[in-house]
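Here is a short report on a single protein chain. Please keep the sequence and the 3D view at hand while reading.

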Amino acid sequence: MSASSLRARVRSEMTEEIKAAARRRLAVDGANLSLRGVARDLGIVASALYRYFPSRDDLLTALIMEAYRALAATAEAADARPPATDLRRRWLAVWSSVRDWALAHPAEYGLLYGSPAPGYHAPEDTVAPAAAVVLRLVAIAQAGAEELTPPPLPTPLPAPVRADLRRLIEQQSSDLPEEVLDRVFVAWTHLFGLLNFEIFGRLDTIIEARAEYFAHHMNLMADLVGLP
(Lines give C-alpha, C1' and ligand atoms only; values in the text may rest on other atoms or scores of the structure.)
Protein backbone atom coordinates (compact mmCIF):
# COMPACT_ATOMS: atom_id res chain seq x y z
CA MET A 1 0.00 0.00 0.00
CA SER A 2 1.38 3.40 -0.97
CA ALA A 3 1.87 6.15 1.59
CA SER A 4 -0.99 8.17 0.10
CA SER A 5 -3.32 5.17 0.17
CA LEU A 6 -2.39 4.46 3.77
CA ARG A 7 -3.08 8.07 4.74
CA ALA A 8 -6.43 7.96 2.98
CA ARG A 9 -7.32 4.74 4.76
CA VAL A 10 -6.33 6.13 8.16
CA ARG A 11 -8.28 9.31 7.47
CA SER A 12 -11.36 7.33 6.43
CA GLU A 13 -11.19 5.14 9.52
CA MET A 14 -10.73 8.12 11.81
CA THR A 15 -13.63 9.92 10.16
CA GLU A 16 -15.86 6.92 10.82
CA GLU A 17 -14.66 6.74 14.44
CA ILE A 18 -15.52 10.40 14.94
CA LYS A 19 -18.99 9.95 13.48
CA ALA A 20 -19.60 6.86 15.61
CA ALA A 21 -18.55 8.75 18.73
CA ALA A 22 -20.77 11.66 17.72
CA ARG A 23 -23.77 9.35 17.27
CA ARG A 24 -23.20 7.97 20.77
CA ARG A 25 -22.85 11.51 22.09
CA LEU A 26 -26.20 12.43 20.47
CA ALA A 27 -27.92 10.09 22.92
CA VAL A 28 -26.49 12.23 25.75
CA ASP A 29 -26.37 15.75 24.34
CA GLY A 30 -29.06 15.61 21.68
CA ALA A 31 -29.05 18.72 19.52
CA ASN A 32 -26.40 20.28 21.79
CA LEU A 33 -23.68 18.12 20.28
CA SER A 34 -20.23 19.61 20.85
CA LEU A 35 -16.86 18.80 19.33
CA ARG A 36 -15.32 18.94 22.79
CA GLY A 37 -17.60 16.18 24.02
CA VAL A 38 -16.83 14.02 21.00
CA ALA A 39 -13.09 14.62 21.37
CA ARG A 40 -13.25 13.77 25.07
CA ASP A 41 -14.98 10.47 24.27
CA LEU A 42 -12.26 9.66 21.75
CA GLY A 43 -9.47 10.65 24.14
CA ILE A 44 -8.07 13.32 21.85
CA VAL A 45 -7.89 17.11 21.92
CA ALA A 46 -10.73 18.99 20.26
CA SER A 47 -8.37 20.73 17.84
CA ALA A 48 -7.51 17.33 16.30
CA LEU A 49 -11.10 16.98 15.09
CA TYR A 50 -10.82 20.07 12.91
CA ARG A 51 -8.61 18.15 10.50
CA TYR A 52 -11.64 15.97 9.74
CA PHE A 53 -14.57 18.29 10.39
CA PRO A 54 -13.81 22.02 10.23
CA SER A 55 -16.73 22.84 12.52
CA ARG A 56 -19.52 21.36 14.61
CA ASP A 57 -21.92 22.16 11.78
CA ASP A 58 -19.88 20.09 9.32
CA LEU A 59 -20.05 17.13 11.70
CA LEU A 60 -23.78 17.62 12.23
CA THR A 61 -24.35 17.78 8.49
CA ALA A 62 -22.46 14.51 7.98
CA LEU A 63 -24.57 12.83 10.67
CA ILE A 64 -27.81 14.25 9.27
CA MET A 65 -27.00 13.15 5.73
CA GLU A 66 -26.14 9.63 6.91
CA ALA A 67 -29.31 9.39 8.98
CA TYR A 68 -31.54 10.56 6.13
CA ARG A 69 -29.87 8.10 3.77
CA ALA A 70 -30.22 5.24 6.23
CA LEU A 71 -33.91 6.03 6.72
CA ALA A 72 -34.43 6.31 2.95
CA ALA A 73 -32.66 2.98 2.36
CA THR A 74 -34.83 1.33 5.01
CA ALA A 75 -38.00 2.66 3.37
CA GLU A 76 -36.80 1.64 -0.09
CA ALA A 77 -36.04 -1.92 1.01
CA ALA A 78 -39.44 -2.20 2.70
CA ASP A 79 -41.23 -0.88 -0.38
CA ALA A 80 -39.55 -3.54 -2.53
CA ARG A 81 -40.84 -6.49 -0.49
CA PRO A 82 -44.59 -6.51 -1.33
CA PRO A 83 -45.82 -6.96 -4.92
CA ALA A 84 -45.51 -3.69 -6.83
CA THR A 85 -49.25 -3.71 -7.53
CA ASP A 86 -50.26 -4.06 -3.87
CA LEU A 87 -50.24 -0.38 -3.03
CA ARG A 88 -51.62 -0.64 0.49
CA ARG A 89 -49.10 -3.31 1.52
CA ARG A 90 -46.31 -1.15 0.11
CA TRP A 91 -47.62 1.85 2.04
CA LEU A 92 -47.86 -0.10 5.30
CA ALA A 93 -44.44 -1.67 4.76
CA VAL A 94 -42.80 1.72 4.27
CA TRP A 95 -44.38 3.23 7.34
CA SER A 96 -43.68 0.17 9.50
CA SER A 97 -40.02 0.32 8.47
CA VAL A 98 -39.82 4.05 9.24
CA ARG A 99 -41.22 3.43 12.73
CA ASP A 100 -38.87 0.47 13.30
CA TRP A 101 -35.88 2.59 12.25
CA ALA A 102 -36.94 5.45 14.50
CA LEU A 103 -37.34 3.16 17.52
CA ALA A 104 -33.96 1.53 16.84
CA HIS A 105 -32.19 4.88 16.30
CA PRO A 106 -33.91 7.42 18.58
CA ALA A 107 -30.89 9.73 18.78
CA GLU A 108 -30.52 9.91 14.99
CA TYR A 109 -34.28 10.32 14.62
CA GLY A 110 -34.14 13.16 17.13
CA LEU A 111 -31.41 14.82 15.11
CA LEU A 112 -33.66 14.75 12.04
CA TYR A 113 -37.06 15.48 13.55
CA GLY A 114 -36.45 16.72 17.10
CA SER A 115 -35.42 20.12 18.40
CA PRO A 116 -33.14 21.99 15.97
CA ALA A 117 -29.49 22.24 16.94
CA PRO A 118 -28.88 25.76 18.27
CA GLY A 119 -27.30 27.95 15.61
CA TYR A 120 -27.28 25.21 12.98
CA HIS A 121 -28.55 25.93 9.47
CA ALA A 122 -28.87 22.88 7.24
CA PRO A 123 -27.17 23.30 3.86
CA GLU A 124 -28.91 22.73 0.54
CA ASP A 125 -27.32 19.28 0.31
CA THR A 126 -29.71 17.98 2.96
CA VAL A 127 -32.88 18.85 1.04
CA ALA A 128 -32.94 15.86 -1.33
CA PRO A 129 -32.18 13.21 1.34
CA ALA A 130 -34.82 14.76 3.61
CA ALA A 131 -37.48 14.36 0.91
CA ALA A 132 -36.76 10.71 0.16
CA VAL A 133 -39.51 9.19 2.32
CA VAL A 134 -42.30 11.50 1.20
CA LEU A 135 -41.25 11.06 -2.45
CA ARG A 136 -41.54 7.30 -1.96
CA LEU A 137 -45.07 7.75 -0.61
CA VAL A 138 -45.90 9.95 -3.58
CA ALA A 139 -44.50 7.27 -5.89
CA ILE A 140 -46.81 4.66 -4.33
CA ALA A 141 -49.81 6.93 -4.91
CA GLN A 142 -48.61 7.71 -8.43
CA ALA A 143 -48.25 4.00 -9.25
CA GLY A 144 -51.93 3.46 -8.57
CA ALA A 145 -53.35 6.85 -9.50
CA GLU A 146 -56.10 5.26 -11.60
CA GLU A 147 -57.08 2.88 -8.79
CA LEU A 148 -57.28 5.40 -5.97
CA THR A 149 -60.69 5.91 -4.41
CA PRO A 150 -60.19 8.75 -1.92
CA PRO A 151 -63.26 9.63 0.17
CA PRO A 152 -64.78 13.05 -0.51
CA LEU A 153 -63.84 15.86 1.85
CA PRO A 154 -66.17 18.72 2.77
CA THR A 155 -63.48 21.39 2.43
CA PRO A 156 -62.03 22.14 -1.01
CA LEU A 157 -58.36 22.98 -1.50
CA PRO A 158 -57.72 26.74 -1.16
CA ALA A 159 -56.50 28.21 -4.43
CA PRO A 160 -53.04 29.22 -3.09
CA VAL A 161 -52.47 25.70 -1.73
CA ARG A 162 -53.58 24.18 -5.02
CA ALA A 163 -51.06 26.39 -6.82
CA ASP A 164 -48.26 25.25 -4.50
CA LEU A 165 -49.17 21.61 -5.05
CA ARG A 166 -49.38 22.07 -8.82
CA ARG A 167 -45.90 23.61 -8.81
CA LEU A 168 -44.50 20.61 -6.92
CA ILE A 169 -46.26 18.18 -9.26
CA GLU A 170 -44.83 19.91 -12.32
CA GLN A 171 -41.34 19.89 -10.79
CA GLN A 172 -41.59 16.11 -10.57
CA SER A 173 -43.07 15.83 -14.10
CA SER A 174 -46.03 14.04 -12.55
CA ASP A 175 -49.71 13.98 -13.42
CA LEU A 176 -50.91 13.30 -9.87
CA PRO A 177 -54.02 15.30 -8.98
CA GLU A 178 -53.46 18.08 -6.47
CA GLU A 179 -56.02 16.52 -4.12
CA VAL A 180 -54.06 13.27 -3.98
CA LEU A 181 -50.74 14.97 -3.31
CA ASP A 182 -52.41 17.01 -0.59
CA ARG A 183 -53.61 13.81 1.11
CA VAL A 184 -50.17 12.19 0.85
CA PHE A 185 -48.73 15.28 2.54
CA VAL A 186 -51.39 15.09 5.25
CA ALA A 187 -50.47 11.44 5.85
CA TRP A 188 -46.75 12.26 5.84
CA THR A 189 -47.04 15.03 8.43
CA HIS A 190 -49.58 13.15 10.53
CA LEU A 191 -47.60 9.93 10.81
CA PHE A 192 -44.29 11.65 11.47
CA GLY A 193 -46.08 13.73 14.10
CA LEU A 194 -47.37 10.54 15.68
CA LEU A 195 -43.85 9.10 15.59
CA ASN A 196 -42.54 12.22 17.31
CA PHE A 197 -45.08 11.77 20.09
CA GLU A 198 -43.97 8.16 20.53
CA ILE A 199 -40.21 8.69 20.29
CA PHE A 200 -40.20 11.73 22.57
CA GLY A 201 -42.47 10.23 25.23
CA ARG A 202 -45.65 12.21 24.59
CA LEU A 203 -47.74 9.00 24.47
CA ASP A 204 -46.25 7.47 27.63
CA THR A 205 -49.28 8.01 29.87
CA ILE A 206 -51.87 7.89 27.10
CA ILE A 207 -51.48 4.92 24.74
CA GLU A 208 -50.00 1.56 25.76
CA ALA A 209 -50.70 -0.35 22.53
CA ARG A 210 -48.22 1.70 20.53
CA ALA A 211 -47.71 -0.67 17.58
CA GLU A 212 -51.45 -1.23 17.16
CA TYR A 213 -52.12 2.48 17.47
CA PHE A 214 -49.59 3.33 14.79
CA ALA A 215 -50.90 0.55 12.50
CA HIS A 216 -54.42 1.91 12.95
CA HIS A 217 -53.29 5.36 11.86
CA MET A 218 -51.26 3.97 8.95
CA ASN A 219 -54.48 2.45 7.65
CA LEU A 220 -56.49 5.59 8.33
CA MET A 221 -54.05 7.57 6.26
CA ALA A 222 -54.10 4.90 3.53
CA ASP A 223 -57.87 5.30 3.45
CA LEU A 224 -57.52 9.07 3.22
CA VAL A 225 -55.23 8.72 0.19
CA GLY A 226 -57.66 6.19 -1.29
CA LEU A 227 -55.31 3.22 -1.50
CA PRO A 228 -57.28 0.07 -2.37
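Where in the chain is the place of Pro151? Pro151 sits in the loop between H8 and H9. Helices here (H or I, at least four residues) and strands (E, at least two) are DSSP runs, numbered from the N terminus.

This is a predicted model, in which local features need pLDDT of at least 70 and side-chain atom pairs count only at pLDDT 80 or more, while totals for chains, interfaces and linings use all residues. Residues are numbered from 1 along each chain as its sequence is written, and side-chain values use heavy atoms, with hydrogens and water left out.

**Overall layout**

The protein has 11 helices and zero strands. Its C-alpha atoms fill a box of roughly 60 × 45 × 35 Å, taken along the principal axes. Of the 228 residues, 40% count as buried. Buried means under 20% relative accessible area, exposed over 50%, and partly exposed in between (1.4 Å probe, protein chains only). Contact means heavy atoms within 4.5 Å. Among contacts with a separation of 6 or more, 71% are between residues 24 or more positions apart.

**Pro151 and Arg183**

Pro151 has a relative accessible area of 34%, so it counts as partly exposed. Leaving out residues up to four places away in sequence, Pro151 touches Arg183, Asp223 and Leu224. The C-alpha atoms of Pro151 and Gly226 are separated by 6.7 Å, although these residues are 75 apart along the chain.

Arg183 belongs to helix H10. Is Arg183 buried or exposed? Arg183 is buried, because its relative accessible area is 9%. Its contacts, with residues up to four places away not counted, are Pro150, Pro151, Pro152, Leu153, Leu224 and Val225. A polar atom of the Arg183 side chain lies 2.9 Å from the backbone oxygen of Leu224.

**Two other buried side chains**

Arg25 is found in helix H1 (residues 3–29). Its relative accessible area is 13%, so Arg25 is buried. Arg25 touches Gly30, Leu33, Gly37, Val38 and Asp41, again without residues up to four places away in sequence.

Tyr68 lies in helix H4. Tyr68 is buried because its relative accessible area is 12%. Apart from neighbours within four places in sequence, Tyr68 is in contact with Leu112, Tyr113, Thr126, Pro129 and Ala130. The C-alpha atoms of Tyr68 and Ala46 are separated by 27 Å, and the two residues are 22 apart along the chain.

**The nonpolar core**

A nonpolar core is a set of buried Ala, Val, Leu, Ile, Met, Phe, Trp, Tyr and Cys residues joined through side-chain atoms within 4.5 Å. Which residues have the most contacts inside the largest nonpolar core? They are Leu59, Trp91 and Trp95, in a core of 63 residues. Setting aside neighbours within four places in sequence, Trp95 is in contact with Leu137, Ala187, Trp188, Leu191, Phe192, Phe214 and Met218.

**Two pockets**

A pocket is an open set of points on a 1 Å grid over the protein atoms alone, where a 1.4 Å probe fits, with protein on both sides within 12 Å along at least five of seven lines; lining residues have an atom within 4 Å of a point. Grid points are joined across faces, edges and corners, and a volume is the space filled by probe spheres set on the points.

| Pocket | Volume |
|---|---|
| Largest pocket | about 240 Å³ |
| Second largest pocket | about 210 Å³ |

The largest pocket is lined by 13 residues, and those closest to its centre are Leu135, Val138, Leu168, Gln172 and Leu181. Helix H8 (132–143), helix H9 (159–171) and helix H10 (178–199) each supply at least two lining residues. H8 gives the largest share, four residues. This lining has nine nonpolar, four polar and no charged residues. In these classes, Ala, Val, Leu, Ile, Met, Phe, Trp, Tyr, Cys and Pro count as nonpolar, Asp, Glu, Lys and Arg as charged, and the others, Gly among them, as polar.

The second largest pocket has 14 lining residues, and Ile64, Leu111, Leu112, Pro116 and Tyr120 lie nearest its centre. Helix H4 (56–80) and helix H6 (106–113) are the elements that give two or more residues to this lining. H6 gives the most, with four residues. By class, the lining of the second largest pocket has 10 nonpolar, four polar and no charged residues.

Note on methods: Polar contact = N/O pair within 3.5 Å; in protein donor to acceptor, adjacent residues only side chain to side chain.
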